[in-house]
Amino acid sequence: PTSLQEITIAQWLQFQKVITPEMDENTIAVFLVAIFCKITPEQALSINSKEFKEIVQTLSNTIKSKPKFNQRFIFT
């Protein structure tokens with residue numbers, strides 16, 4: 001995903017559930033890629049290093065981005 005609209009609430013909750021304060025950055029990165037790219041952690045580990053870093057950077061930037069407000073209805 002390259003925008004917050006492409007991340008589901010279920011994915012976000014799954015990510016929050018898996019991550020613990022004791023985890024190191026590499027482990028968090030593996031789960032970040034696995035959950036948001038809909039692959040297994042084993043598949044995430046098999047991605048070559050350069051591509052993995054690019055994916056992690058893209059996902060990190062996406063998660064850190066400010067959400068855009070979408071007005072869905074008007075209350076009158």
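**A close look at helix 2 and its neighbours**

Guide: Happy to! In this predicted model, helix 1 (residues 9-18) and helix 2 (residues 25-36) have axes that come within 10 Å and cross at roughly 155 degrees. Angles over 145 degrees count as roughly antiparallel, so helix 1 is roughly antiparallel to helix 2. Their crossing is right-handed.

Now look at the side chains where these two helices touch. Helix 1 brings Q11, W12, Q14, F15 and V18, and these meet I28, F31, L32, I35 and F36 of helix 2. Sorted by class, this contact between helix 1 and helix 2 has 8 nonpolar residues, 2 polar ones and no charged ones.

Next, follow helix 2 to another partner, helix 4 (residues 49-64): the axes of this pair also come within 10 Å, but they cross at roughly 75 degrees. Helix 2 and helix 4 are therefore roughly perpendicular to each other. On the helix 2 side you will find A29, V30, L32, V33 and F36, which meet F52, I55, V56, L59, S60 and I63 from helix 4. That contact of helix 2 with helix 4 has 10 nonpolar residues, 1 polar residue and no charged residues. Look for L32 and F36 of helix 2 as you turn the model: they meet residues of helix 4, and they are also listed in the contact with helix 1.

Before you go, find the largest pocket, with a volume of about 210 Å³. Its lining is made by S3, L4, Q5, S65, K66, P67, K68, N70 and R72. These lining residues divide into 2 nonpolar, 4 polar and 3 charged.

Key: Residues are numbered from 1 along each chain as its sequence is written. This is a predicted model: local features need pLDDT of at least 70, side-chain atom pairs count only at pLDDT 80 or more; totals for chains, interfaces and linings use all residues. Side-chain values use heavy atoms; hydrogens and water are left out. On a 1 Å grid over the protein atoms alone, a cavity is a set of points where a 1.4 Å probe fits but cannot get out, and a pocket is an open set with protein on both sides within 12 Å along at least five of seven lines; lining residues have an atom within 4 Å of a point. Grid points are joined across faces, edges and corners, and a volume is the space filled by probe spheres set on the points. Ala, Val, Leu, Ile, Met, Phe, Trp, Tyr, Cys and Pro count as nonpolar, Asp, Glu, Lys and Arg as charged, and the others, Gly among them, as polar. Axes are lines fitted to C-alpha atoms, for helices over the stretch in contact, and angles run from 0 to 180 degrees between N-to-C directions. Helices (H or I, at least four residues) and strands (E, at least two) are DSSP runs, numbered from the N terminus. Angles under 35 degrees count as roughly parallel, over 145 as roughly antiparallel, 65 to 115 as roughly perpendicular and the rest as oblique. A crossing is left-handed if the near helix is turned anticlockwise from the far one by less than a right angle, and right-handed if clockwise. Contact means heavy atoms within 4.5 Å.
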